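This briefing covers salt bridges, the nonpolar core and surface charge. The sequence and structure come first, followed by the points grouped by topic.

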Amino acid sequence: MAAAYSLAWDVPLRERNTFRIDCRARCLATVRDAAFLPELFADSAIAGLPVFVLGEGSNVLFAGGAYEGVVLHLVDGAARVTGQDDHVARVHVGAAMNWDALVDWSLDRGLRGLENLALIPGQAGAAPIQNIGAYGAEVGAFVAAVAAYDRARGHAVALDAQDCAFAYRDSIFKREADRYVVTAIELDLHRDDATNTAYAGLREELAAMGEAPPTPRNVAAAVRRIRRRKLPDPAVVGNAGSFFKNPIVAPAVAAELQARFTDLPVFPGGAAALRKLSAAWLIERAGWRGYREGDAGISSQHALVLVNHGNATGAQLLGLARRVADDVQRQFGVRLEPEPRIIGANF
Ligand SMILES: Cc1cc2nc3c(=O)[nH]c(=O)nc-3n(C[C@H](O)[C@H](O)[C@H](O)COP(=O)(O)OP(=O)(O)OC[C@H]3O[C@@H](n4cnc5c(N)ncnc54)[C@H](O)[C@@H]3O)c2cc1C
């Protein structure tokens, strides 16, 4: 039987992050059985080293060269239904399961909701970290509980959706970075919910596909078509999807900008009648789309995506991202915040 966890030293990470940053970890801890996390954290071989949980590396920028600590990677996640009635099923998902495989797994069982989140890269255990969202849906709406190992308390905990404090690309796990190792998520998925086609681009895609009325399967197909067309494929050019969050601003700020730029897209910003601006529009309007400096660049396909054309370092990508944010602030007075976790440097 394979060991519950294993340690490897001086491990290359280039194939473990979608930016394809060439860096190394002092130690890689591969965890097959999350029940053994207390033993791992008590292991004298890693005593005193910082620990960073890495899923599929699709939302992380290694900006500081080698990571002088332990990269903890969970493997072997699976999904199962743990309870259900005619309308809703409670689904338990091991953290290491691939997210998009989970979307297909749920659709195969007639369970709805995750179709709008199809083709988001990464592990299921990473989904609550930034409350992944796309095409009018966020995972937080389906989370009943998150099982985690709490490093501050030294034992396993279960957090309900309220404890997770989900917000736009945010949660307790992002705010208290590295405190929790998510070991599983519990989702409530419905059998009879209406498909969510609130997002205009999704309705247009379904219409172009001739799919009416839309089923969850063809919503997933439409989302995958849009994503393949709009976003650069990390297998072809290194990237972490959107590099910046859409800025949330006061209504007066949005109104003042809209008076100057009548084509600026503005969306509802969640609580307190705030407004969400399109970061992609701001970056494109500032003239950065398609910009390239050595191997670091801004995608010509999508202005929100920072790309590594080959051998850019994390520091070069971070330097470019900072200049884009500074320029947007100078031109529009709005501060962009990065979406991925930046390791080894501050933004
Ligand atoms: C092409 C592309 C498109 C994308 N599109 C979207 C999108 O539409 N919407 C969206 O929200 N995101 C999107 N992303 C970002 C990314 O896919 C998600 O954030 C995803 O959830 C990251 O999963 P991961 O396993 O790769 O996490 P990683 O990148 O490995 O880690 C990201 C963060 O989560 C933490 N983490 C990961 N697993 C755990 C765990 N088990 N316990 C505790 N902490 C953990 C890490 O420490 C790190 O802070 C996109 C990325 C790419 C490359």
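**Salt bridges**

A search of the whole structure finds 21 salt bridges. The model is a predicted one.

- Asp 104 and Arg 224 meet through their side chains in a salt bridge, at 3.2 Å from N to O. Asp 104 is in helix α2 (residues 99-108) and Arg 224 in helix α6 (residues 216-230), so the pair ties together parts 120 residues apart in sequence. Asp 104 is partly exposed at 28% relative accessibility, whereas Arg 224 is buried at 13%.
- Asp 170 pairs with Arg 175 in a salt bridge of 3.0 Å, N to O. Asp 170 counts as buried, with 17% relative accessibility, and Arg 175 as partly exposed, with 48%.
- In the salt bridge between Glu 205 and Arg 225, the closest N and O atoms are 2.9 Å apart. Glu 205 belongs to helix α5 and Arg 225 to helix α6, so this pair ties together parts 20 residues apart in sequence. Glu 205 is buried at 6% relative accessibility; Arg 225 is partly exposed at 41%.

**Nonpolar core**

- The largest nonpolar core has 49 residues, and Leu 61, Phe 62, Phe 244, Ile 283 and Phe 332 have the most contacts inside it.
- Elements giving two or more residues to this core include β5 (67-74), α7 (251-260) and α9 (314-332). The most comes from α9, with eight residues.

**Surface charge**

- A patch of negative charge on the surface gathers Asp 85, Asp 86, Asp 192 and Asp 193.
- Asp 192 sits in the loop between β12 (180-190) and α5 (200-209), and is partly exposed with a relative accessible area of 45%.

Note on methods
Residues numbered from 1 in each chain as written. Predicted model: local features only at pLDDT ≥ 70, side-chain atom pairs only at ≥ 80, totals over all residues. Heavy atoms only, no water. Patch = residues over 30% accessible without salt bridge, like charges linked within 9 Å, V, L, I, M, F, W, Y side chains within 5 Å. Areas by Shrake-Rupley, 256 points an atom, 1.4 Å probe, with all protein chains shown as cover. Salt bridge = Lys/Arg side-chain N within 4 Å of Asp/Glu carboxyl O. Lys, Arg positive; Asp, Glu negative; His and termini not counted. Charge placed at Lys NZ, Arg CZ, Asp CG, Glu CD. Helix = DSSP H or I, 4+ residues; strand = E, 2+ residues; numbered from the N terminus. Buried < 20%, exposed > 50% of the residue type's maximum accessible area, 1.4 Å probe, protein only. Core = buried A, V, L, I, M, F, W, Y, C linked by side-chain atoms within 4.5 Å.
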